[in-house]
Amino acid sequence: MKALAGYVAGLLFGLGLAISGMTDPARVLGFLDLAGAWDPTLMFVLGGAVVTTFIGYRLAWARGRPLFEASFQLPTRRDLDARLLGGAALFGIGWGLSGYCPGPAVASIAGLSLPLVAMLGAMVAGWYLARRMG
Amino acid sequence: MDWMASLQGLVGGVLIGLSAVWLMATMGRIAGISGILSSLIWARPKGDSAWRLTFLLGLISGPLLVMALGGGLGNVAAGAPGAVIGEPAGGVALMLLAGLLVGVGTGLGSGCTSGHGVCGLARLSPRSLLATLTFLIAAIVTVYMVRHVIGGGA
């Protein structure tokens with residue numbers, strides 16, 4: 001049941017990325033390019049996702065526990081440190097260069113292009129390096 | 001303004017939100033793509049990897065389903081009619097650099113657009129708000145440099 005729940009979550013996410021156009025780096029870069037022909041699509045995507053999640057999370061938490069697990073596993077860290085800020089800044093530079101954040105990059109695999117494969121390979125290697133930096 | 005593109009963005013965003021809510025309601029987990037996938041690949045927690053693998057399969061099959069339906073639901077900015085997946089913005093060298101930055105950055109910063117930007121903001125997490133503002137500003141400055149400073153306003 002957990003595996004099925006995971007698949008449904010991934011499918012909804014992948015459908016959302018495809019229908020919103022976030023599988024197109026041009027849309028993402030168009031949003032980030034405030035000095036160019038600005039594309040507001042990403043703002044609607046983020047807005048729709050955050051509002052839906054804000055409401056839905058509170059309904060889910062009100063039930064006391066998740067359906068297939070004993071408890072909710074929420075991040076507990078509260079500190080605003082250099083690692084968080086530096087990591088987010090590096091991620092932002094990579095996002096701005098490519099127009100891909102991890103979700104759309106992975107969901108675009110079906111586009112089968114060498115640059116995307118290079119991006120995914122380097123991203124997975126980057127995750128390894130970040131873990132080594134412990 | 002292209003209202004149809006914006007409407008599709010809103011509908012897609014709601015679907016992404018429903019995915020996050022579903023994962024919280026069933027598994028009690030944050031729908032953070034970088035966390036789910038880097039754990040699946042580099043940590044493989046026992047008894048906690050199957051749902052991450054099926055999540056990955058679902059994530060890939062979403063766009064495939066839209067393509068199988070003829071692509072009419074896709075929202076590619078300047079692609080052929082029926083396009084669902086856009087072209088990469090650069091060649092292999094640029095993508096290697098970008099991928100490394102995205103991997104290291106989301107690893108160190110404990111999240112990406114989904115974990116911090118969607119789930120974290122919905123939880124009203126100060127860490128996620130700071131991370132989201134930081135990567136948004138870094139990305140906007142990067143695009144400005146690439147397109148309007150180095151690229152000469154192209």
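**Chain A**

Select chain A of this predicted model and follow the elements from the N terminus: they run α-α-α-α-α-α. The count is six helices and zero strands. Taken along the principal axes, the C-alpha atoms of chain A fill a box of roughly 45 × 35 × 30 Å. If you colour chain A by burial, 54% of its 134 residues count as buried. Of the contacts in chain A between residues at least 6 apart in sequence, 40% join residues at least 24 apart.

**Helix α1 of chain A**

Next, select residues 2–20 of chain A, which form α1.

Then step just past the helix to A:Gly21, which takes a positive phi of about 90 degrees.

**The contact between the chains**

Now show both chains together. The predictor gives the complex an ipTM of 0.97 and a pTM of 0.97. The contact takes 106 residues from chain A and 109 residues from chain B. On the chain A side, the elements that give two or more residues are α1 (2–20), α2 (25–32), α3 (41–62), α4 (82–98), α5 (102–107) and α6 (114–132). Which of them gives the largest share? It is α1(A), with 18 residues. Coloured by class, the side of chain A that touches chain B has 66 nonpolar, 30 polar and 10 charged residues.

**The largest nonpolar core**

Keep both chains in view and select A:Met119 and B:Phe135. Of the 88 residues in the largest nonpolar core, these two touch the most other members. The largest share of this core, 12 residues, comes from helix α1 (residues 3–27) of chain B. Domain 1 (1–87) and domain 2 (88–154) of chain B both give residues to the core, so the core lies between them. As background, nonpolar side chains in soluble globular proteins tend to be buried together.

Centre the view on A:Met119. Leaving out residues up to four places away in sequence, A:Met119 touches A:Ser98, A:Tyr100 and A:Ala105 in chain A, and B:Met95, B:Ala98 and B:Gly99 in chain B.

**Chain B**

Hide chain A and look at chain B alone. Its secondary structure comes to six helices and zero strands, and from the N terminus on the elements run α-α-α-α-α-α. The C-alpha trace of chain B spans about 50 × 40 × 30 Å along its principal axes. Buried residues make up 56% of the 154 residues in this chain. Among contacts in chain B with a separation of 6 or more, 34% are between residues 24 or more positions apart. If you colour chain B by confidence, the mean pLDDT is 95, and 97% of the residues reach 70 or more.

The contact between them takes 11 residues from domain 1 and nine residues from domain 2. On the domain 1 side, α1 and α2 (33–42) of chain B each supply at least two residues. The largest share of that side, four residues, comes from α2(B). By class, the side of domain 1 that touches domain 2 has five nonpolar, five polar and one charged residues.

**B:Ser34**

For the last stop, select B:Ser34, which is in helix α2 of chain B. Is B:Ser34 buried or exposed? With 29 other C-beta atoms within 10 Å, B:Ser34 reaches the cut-off of 20 or more, so B:Ser34 counts as buried.

Show the neighbours of B:Ser34. Not counting residues up to four places away in sequence, B:Ser34 touches A:Pro102 from the other chain, together with B:Thr106, B:Gly111, B:Cys112 and B:Gly115. Finally, draw a distance from B:Ser34 to B:Cys112: the two residues are 78 residues apart along the chain, and 6.2 Å separates their C-alpha atoms.

Notes: Residues numbered from 1 in each chain as written. Chains lettered and ligands numbered in written order. Predicted model: local features only at pLDDT ≥ 70, side-chain atom pairs only at ≥ 80, totals over all residues. Contact = placed C-beta atoms within 7 Å. Nonpolar A, V, L, I, M, F, W, Y, C, P; charged D, E, K, R; others polar. Core = buried A, V, L, I, M, F, W, Y, C linked by C-beta atoms within 7 Å. Buried ≥ 20, exposed ≤ 12 C-beta atoms within 10 Å, placed from the backbone. Domains from an automatic or database assignment. pLDDT = per-residue confidence, 0-100.
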